[in-house]
Amino acid sequence: ANAASAAAFLLDPSMLTAHLESRRWRAVGRVRSRPLGADRPARYGRFARRLSILMRAELRRLRRDRSGLAQWAALLLVMYAVAVALPIIEGSMQIVLAYLAANRLASGLRAIARSPGLRRVLGGGEAELQVAHLVVPALAATVWYLAALPVVRPLGWLDAVLLLGLVVAVHRTATRRPIRHGGPVADTPFGMIPVDLLRQVLRGPDLVGSLVVIELMLS
């Protein structure tokens with residue numbers, strides 16, 4: 001029976017995908033839920049209380065799915081390897097890898113930005129929800145960036161600018177709308193280029209590219 005199941009998985013990849021999804025949701029079902037404190041007496045303002053609850057929910061999301069944290073740590077090891085093997089590009093790679101590491105922990109922000117139904121369920125303003133879910137990726141970018149500094153350069157004023165730019169880039173990437181494949185097309189010497197599609201795909205990475213240029217010019 002096991003051999004037959006394995007053969008079926010090889011012949012039909014969709015069966016393997018469904019099996020993995022089933023295992024993932026069974027794992028989610030085994031998680032014990034605990035209250036986030038919404039029913040406790042408010043000791044501070046309504047906005048601060050909601051912000052605290054949303055941030056605790058985001059931290060609980062990270063504890064339940066640790067793949068993002070594992071990739072965050074793996075990218076830090078890649079940074080140290082680049083600093084040893086290719087020190088000439090370590091400054092640029094620090095920006096790119098910090099962006100990738102923080103973006104891996106921005107799943108909550110992406111879910112909020114792309115789901116109007118979820119925003120209605122949670123209530124509150126859109127800016128409030130985005131701020132609450134931006135705290136984790138912002139802290140992730142800061143800790144990752146500072147942990148990589150010993151192999152790049154001493155801490156200076158330029159790093160504060162780059163860090164702020166990285167947080168904004170992660171926010172731009174996570175809050176972009178679902179990609180639409182329609183829109184205007186430009187005729188160039190290199191062929192037809194979908195202008196709107198490129199604009200959507202480059203929202204976030206375009207700022208990272210600008211930060212790399214700034215680092216190369218001023219560091």
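Me: Where is the place of leucine 59?
Reply: Leucine 59 sits in helix H3, which covers residues 46-64. Helices here are DSSP runs of H or I with at least four residues, strands are runs of E with at least two, and both are numbered from the N terminus. This is a predicted model, in which local features need pLDDT of at least 70, side-chain atom pairs count only at pLDDT 80 or more, and totals for chains, interfaces and linings use all residues. Residues are numbered from 1 along each chain as its sequence is written, and side-chain values use heavy atoms, with hydrogens and water left out.

Me: Why does leucine 59 count as partly exposed?
Reply: Buried means under 20% relative accessible area, exposed means over 50%, and partly exposed is in between (1.4 Å probe, protein chains only). Leucine 59 has 42% relative accessibility, so it counts as partly exposed. Its C-alpha atom is separated by 9.6 Å from that of histidine 133, 74 residues apart along the chain.

Me: What makes arginine 61 partly exposed?
Reply: Arginine 61, also found in helix H3, has a relative accessible area of 34%, and therefore is partly exposed. Arginine 61 and leucine 105 are 44 residues apart in sequence, and their C-alpha atoms are 9.8 Å apart in space.

Me: How much of the chain counts as buried, and what does its secondary structure come to?
Reply: Of the 219 residues, 33% count as buried. The secondary structure comes to eleven helices and two strands, and along the sequence the pattern is α-α-α-α-α-α-α-α-α-β-β-α-α.

Me: Is proline 150 buried or exposed, and how do you know?
Reply: The relative accessible area of proline 150 is 66%, so this residue is exposed. Proline 150 lies in the loop between helix H8 (126-148) and helix H9 (157-174). From C-alpha to C-alpha, proline 150 and tyrosine 80 are 9.4 Å apart, while in sequence they are 70 residues apart.

Me: Why is tryptophan 157 counted as exposed?
Reply: Tryptophan 157, in helix H9, has 63% relative accessibility and therefore counts as exposed.

Me: Which residues make the nonpolar surface patch?
Reply: Trp157, Val161, Val213, Ile214, Met217 and Leu218 make a patch of about 630 Å². H9 and helix H11 (205-218) are the elements that give two or more residues to it. H11 gives the most, with four residues. Patches are made of residues with over 30% relative accessible area and no salt bridge; like charges are joined within 9 Å, and nonpolar side chains (Val, Leu, Ile, Met, Phe, Trp, Tyr) within 5 Å. Accessible areas come from the Shrake-Rupley method with a 1.4 Å probe, and for residues only the protein chains shown count as cover.

Me: How do the axes of H9 and H11 cross?
Reply: The two axes come within 8 Å and cross at roughly 170°. That angle makes H9 roughly antiparallel to H11, because angles over 145 degrees count as roughly antiparallel, under 35 as roughly parallel, 65 to 115 as roughly perpendicular and the rest as oblique. Axes are lines fitted to C-alpha atoms, for helices over the stretch in contact, and angles run from 0 to 180 degrees between N-to-C directions.

Me: At what angle do H6 and H8 pack?
Reply: Helix H6 (residues 107-114) and H8 pack at about 165°, with their axes 8 Å apart. Therefore H6 is roughly antiparallel to H8.

Me: What makes the pair of aspartate 206 and arginine 172 a salt bridge?
Reply: A salt bridge is a side-chain nitrogen of Lys or Arg within 4 Å of a carboxyl oxygen of Asp or Glu. For aspartate 206 and arginine 172 the value is 3.1 Å, N to O. The pair links distant parts of the chain, with aspartate 206 in helix H11 and arginine 172 in helix H9, 34 residues apart. By this rule the count comes to one salt bridge.

Me: Why do aspartate 206 and arginine 172 count as partly exposed?
Reply: Aspartate 206 has a relative accessible area of 36%, so it is partly exposed. Arginine 172, at 25% relative accessibility, therefore counts as partly exposed too.
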